[in-house]
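The sequence and the model are shown first, and the description follows.

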Amino acid sequence: TDTIEVGILPIGARFLYGVYNSTVTLGGTAEIAIGITGSTAKYMASTALTAVTPTLFGKGAAVGVKLTAQEIVFITIAVAALPASGTVSIQLFYTID
């Protein structure tokens, strides 16, 4: 299982949602999850993404919860390898009170 760091959520942040975007389909076999150490699917459960359009993500239990520690957010690649070419981007949206 490989991981790719995609962002940092600072102390006090409240995650609102994320946007996944890719220039290629993951082919229906490769699956990715988005999360943190100890909870690799905190923000998005392992999913085979086939869309090449922006896709919103965010799990209800994680939305709006004030972080008490900084989180390094990463993609976990599961089930199969990602395609050999293409670009994946992840945008994380949050607020700080």
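Leaving aside neighbours within four places in sequence, which residues is Leu 9 in contact with? Leu 9 is in contact with Phe 15, Tyr 43, Leu 67, Ala 69, Gln 70, Glu 71, Val 73, Leu 92 and Tyr 94, where contact means heavy atoms within 4.5 Å.

The model is a predicted one, in which local features need pLDDT of at least 70, side-chain atom pairs count only at pLDDT 80 or more, and totals for chains, interfaces and linings use all residues. Residues are numbered from 1 along each chain as its sequence is written, and side-chain values use heavy atoms, with hydrogens and water left out.

## The nonpolar core

Leu 9 also belongs to the largest nonpolar core, which has 20 residues. A nonpolar core is a set of buried Ala, Val, Leu, Ile, Met, Phe, Trp, Tyr and Cys residues joined through side-chain atoms within 4.5 Å. Leu 9, Ile 32, Ile 34, Tyr 43 and Phe 57 touch the most other members of this core. The elements that give it two or more residues are β2, β3, β4, β6 (71–78) and β7; strands (E, at least two residues) are DSSP runs numbered from the N terminus, as are helices (H or I, at least four). In soluble globular proteins, nonpolar side chains tend to be buried together.

## Aromatic pairs

A pair of aromatic rings is described by the distance of the centres and the angle of the planes. Rings of Phe, Tyr and Trp (its six-membered ring) pair if their centres lie within 6.5 Å; planes under 30 degrees apart count as stacked, over 60 as edge-to-face and the rest as tilted. By this rule the count comes to three aromatic pairs. One of them joins Phe 15 and Tyr 43 in a tilted arrangement, 4.4 Å centre to centre with 50° between the planes. This pair links distant parts of the chain, with Phe 15 in strand β2 and Tyr 43 in strand β4 (residues 39–47), 28 residues apart. Both Phe 15 and Tyr 43 are buried. Together with Phe 57, Phe 15 and Tyr 43 form one aromatic cluster.

## Salt bridges

A salt bridge is a side-chain nitrogen of Lys or Arg within 4 Å of a carboxyl oxygen of Asp or Glu, and by this rule the count comes to two. One lies between the side chains of Arg 14 and Asp 97, at 2.5 Å from N to O. It links distant parts of the chain: Arg 14 is in strand β2 and Asp 97 in the segment after β7, 83 residues apart. Glu 71 forms a salt bridge with Lys 42, with the closest N and O atoms 2.5 Å apart. Here too distant parts of the chain are linked, Glu 71 being in strand β6 and Lys 42 in strand β4, 29 residues apart.

The table gives the accessibility of these partners. Buried means under 20% relative accessible area, exposed over 50%, and partly exposed in between (1.4 Å probe, protein chains only).

| Residue | Relative accessible area | Class |
|---|---|---|
| Arg 14 | 24% | partly exposed |
| Asp 97 | 64% | exposed |
| Glu 71 | 9% | buried |
| Lys 42 | 22% | partly exposed |

Ala 33 is placed in strand β3 and counts as buried because its relative accessibility is 6%. Not counting residues up to four places away in sequence, Ala 33 touches Thr 40, Ala 41, Met 44, Ala 45, Ser 46, Phe 74, Ile 75 and Thr 76. Ala 33 and Ile 75 are 42 residues apart along the chain, and their C-alpha atoms are separated by 5.6 Å.

Val 24 sits in the loop between β2 (13–22) and β3 (31–36). At 25% relative accessibility, Val 24 counts as partly exposed. Beyond four places in sequence, Val 24 touches Val 52, Pro 83, Ser 85 and Gly 86. Val 24 and Ala 51 are 27 residues apart in sequence and 7.9 Å apart in space, C-alpha to C-alpha.

Is Gly 38 buried or exposed? Gly 38 counts as exposed because its relative accessibility is 82%, and its place is in the loop between β3 and β4. Gly 38 and Gly 28 are ten residues apart in sequence and 26 Å apart in space, C-alpha to C-alpha. Ala 61, in the loop between β5 (55–57) and β6, is exposed with a relative accessible area of 74%.
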